[in-house]
Amino acid sequence: MAAKSIISRPVYGTLSPQPGKHHLFVADADGALAITDLAAKAPDGFFADAHIIFIPGNEGQHVAALEALKPAQFYQGPSFASALPRLKQTLANAHMGLRPYLAGTEGLIGQAMQAALEAGIDHTSIQTEHRGSLARRVQCVHCKGITESVTTQPATCSHCGLLLLVRDHYSRRLAAFQGVCINAEDRSEIPPAEEIFR
Amino acid sequence: MYAVNIEPHVVGPKGSALENLIDVDEHYVSEMQDRALVLAEDPLRCQSLPHMTLAGWDLLELLMEQQALGSPEHFTLTRDGDKWRWINRPLGIDDSFTFGDVSTLPYGPMEYITRQSQGDFCILDQRDGNLWMDAGMVTTQADWSLDFDIGMNFFEWHAPVPLAHEKGIFTRALKFLTNIQQGKPARRLNWTMTINPRLDTSPENYHKWGPDRTTVTPENVGDKVHLRVELQSFWRLPRSNGIVFPIRCYLIKMDELVTQPIWARRLHRVIRDLPEELANYKGLSRYRATLVEWLSKLDDGSPTSAGFGA
Amino acid sequence: MSTGTTKLDVVVSDVVPVNELVTRFHFRRRDGQLLPTFSGGAHVVVEMRDGERTRLNPYSLMGSPLDTREYTISVRRDDAGRGGSLFMHSTVRPGHEMVISYPVNLFSLDLRARKHLMLAGGIGITPFMAQTAQLAADGGNFELHYTCRTASLGTYADVLKERYDRRVRLYHDDRDERIELDRLLSSQPLGTHLYVCGPSGMIGWVRDRAAALGWPAETVHFEHFAAPQPGAPFEVTLAVSGKAIRVGEQQSLLEAIEAAGVDPPYLCRGGVCGQCETNVIAHDGNFIHNDHWLSEEEHRSCKKIMPCVSRFEGRSLVLER
């Protein structure tokens, strides 16, 4: 897990069943395990009002375990982008009493939360649990482009090519960490890149 | 290290920056042109989340009233119900509009009035016992990004500030700010250093202004290094129940600052004794030694005044 | 730096009986200027100078925030209360000069809401008068459900119905009309915020059902002013100012502290804003906590009291004032 950090760095919890009329799960890869762990604590019939949106990823695991929970709706897709229209439609038609649960990589949690915020849900009422990769989405503060799956410090912006210091400062609205040119004052200083976000 | 320096925002001596609660000075026209240039290059410096339009109208009313009150020779506001007329002589503006109707102004209310007001402006929504930075016009900032921080709460947007969280500074400040009442604004000062008289030291342009920090030499300290003082004030907005937080920046070069021996002595001691974390956060590290050495020659060791709150 | 609000010198410009229990009071500024702009849900604290006694009670502003030539409040006569409402009903007439506080809003709309769902009970309708006017002027999406004892006690029900038609639903106790609360709460679009103002039983019921049906706490807003209750007189020592005071039967502890020349800050005088929170130095007796500010744990700790609404019975009480 992340070491001592600053207050804007997201803190993730452990999924737990919330009172509500409908339960919307969005997860990728090992995030499925957070859902099955929650299922062990959930009251009978909990998943009869549940909708699971799952992106299994390369390993393709956990689908059967989620289907076994018998949610009212189950979807699996190849990527978050492919699941997004469905997620947005679900949120647009939802009523108060829908509770979101997000589990998996930071990138998945951040982007699903972004969709939930845009639908009028306050971030404090969204359940999250981190499982799997700590690879970061990074916004370059200079060109505004977002670089996906950043694992090194510093990292090169995939849009403008500046060498970025990846800060812990995080924006929920952008679902991204902040990247700031690490050698802006003297371009001849090129610190070695270390892989630290795995 | 951190002074809790919040005080009531009341008018001060004639001729000072506090003569009026919203200060309009001789740099007005050039600062407004500077803002227009920055916005043309980067429109993301001015943003307002959808629920903040009402607060924008509150700010428009506040700034029009205060500027017309403080500088009647430059600004005139005429109100007849919701039919308003605003005359801004320095910028050659004479607009009639309907208060509350965005279609009667060329920009949203916040952008319209802050293109005509010196200083940066952050509008904070108050809810759930916290303040949320949900709108702003920020073109003269000391290294923070509105585009990145918009939507954050009080603790989150201050997250990068070192040492203060642990000391409970922000918890106390938030409690004070959420209780600010209409008609009773408050203020505090903040400071940093800037190389060359540059208002826009944004992270967006860091790769453009950052290299200036490597150019400080013992010979050019007096001309290049500037003390940057921010006058921050806090006002309750009446219709939206939000808070506006104007941040007005003043720059003074070292050559000019040291014409007051007492200022030279004090600045020398402050820069010399600043904790490492704060010096890094303020971006002084690269030229701090050069500056301290230069200032030390102007410090004869005699006492300074007691300062704020003494 | 002290907190609290600025005062406004006003004159009563009109007094209008609304029904057998409620009277409306109109205030204008004595200097003829416009009053400060306010936001829907704001209240003012009205100073009632009744001979030797001064009572200060909060009342929601119920006029449109768009019109600041006058402020209006509605006062429900409370025959068992400490006499503030009786004073207003029996003594205050047009032309009466009074002092009120600047408006303060502790029951603000959340302007992010996709929809505002409002539930009012009885005189709890007053903040919604201002909030609906504010929202309606800007095309805001709201729906108001208003419960009253009888049609004749449905203060402003006719006005609201005429202004907003189907956006207002009325429920009369004497006709056994009840809000179908669960159905109402479960049929609201995502992004709705809920506002409730009325008797404390109603507020508790609505909050409980909303929580059970999955409404996150930050979407549920309630106005919960407690009126100071009369009670047995008690003695208090103010340690900082070195004064011994007596709190009368019809007086609040805060009023007694003020009468001794000590001025703690306040905004609401109804046990919700937290401004007048006072440390207890020593006590021998029991606290009667009536506020909604301190936690239950703090109530049990006997280390703090909210003097605007809470009382004490016992042998001695020493406060840090």
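Visitor: Which residues have the most contacts inside the largest nonpolar core?

Guide: First, a caution: this is a predicted model. The residues are Phe25(A), Ile35(A), Ala112(A) and Leu164(A), in a core of 131 residues. Helix α4 of chain A, residues 106-118, gives the most to this core, with six residues.

Visitor: What does Ala112(A) touch?

Guide: Leave out residues up to four places away in sequence. Ala112(A) then touches Val26(A), Leu87(A) and Leu102(A).

Visitor: Why is Tyr101(A) called buried?

Guide: Count its neighbours. Tyr101(A) has 24 other C-beta atoms within 10 Å. The cut-off for buried is 20 or more. The count of 24 meets that cut-off, so Tyr101(A) is buried.

Visitor: Where is Tyr101(A) found, and what does Tyr101(A) touch?

Guide: Tyr101(A) is found in strand β4 of chain A. Beyond residues up to four places away in sequence, Tyr101(A) touches Leu15(A), His23(A), Leu24(A), Phe25(A) and Gln127(A). Ala115(A) is 14 residues from Tyr101(A) in sequence and 13 Å away in space, C-alpha to C-alpha.

Visitor: What is the order of the strands in the open sheet of chain A?

Guide: The five strands run in the order β3-β2-β1-β4-β5, with parallel pairing. From one strand to the next, the twist averages 10°.

Visitor: What makes β3 and β5 of chain A edge strands?

Guide: Each pairs on one side only. They cover residues 73-76 and 127-130.

Visitor: How do you know that β1 and β2 of chain A pair?

Guide: Two strands pair if there are at least two bridges between them. Strands β1 (residues 22-28) and β2 (residues 50-55) of chain A have six bridges, in the parallel sense. Six meets the cut-off, so they pair. One example: Leu24(A) has His51(A) in β2(A) as its bridge partner.

Visitor: Which helices lie against these strands?

Guide: Helix α1 of chain A, residues 31-41, lies across β1, β2, β4 and β5 of chain A, at about 145° to β1(A). α4(A) packs on the sheet and touches β1, β2, β4 and β5 of chain A. The direction of α4(A) makes about 160° with that of β4(A).

Visitor: What joins β13 and β14 of chain C?

Guide: Five bridges join them, and the two strands run antiparallel. Glu235(C) has Arg246(C) in β14(C) as its bridge partner. The hairpin has four residues between the strands, and Gly242(C) takes a positive phi near 65° there.

Visitor: What makes α2 of chain B mostly covered?

Guide: 13 of its 18 residues are buried. α2(B) covers residues 53-70 and reaches 26 Å from its first C-alpha to its last, close to the 26 Å expected.

Visitor: How many residues of chain B are in contact with chain A?

Guide: 19 residues of chain B are in contact with 18 residues of chain A. By class, the chain B side has nine nonpolar, six polar and four charged residues.

Definitions and conventions
Residues are numbered from 1 along each chain as its sequence is written. Chains are lettered from A and ligands numbered from 1 in the order in which they are written. This is a predicted model: local features need pLDDT of at least 70, side-chain atom pairs count only at pLDDT 80 or more; totals for chains, interfaces and linings use all residues. A nonpolar core is a set of buried Ala, Val, Leu, Ile, Met, Phe, Trp, Tyr and Cys residues joined through C-beta atoms within 7 Å. A residue is buried if 20 or more other C-beta atoms lie within 10 Å of its own, exposed if 12 or fewer, and partly exposed in between; C-beta atoms are placed from the backbone. Two residues are in contact if their C-beta atoms, placed from the backbone, lie within 7 Å. Ala, Val, Leu, Ile, Met, Phe, Trp, Tyr, Cys and Pro count as nonpolar, Asp, Glu, Lys and Arg as charged, and the others, Gly among them, as polar. Axes are lines fitted to C-alpha atoms, for helices over the stretch in contact, and angles run from 0 to 180 degrees between N-to-C directions. The expected span of a helix is 1.5 Å times one less than its number of residues.
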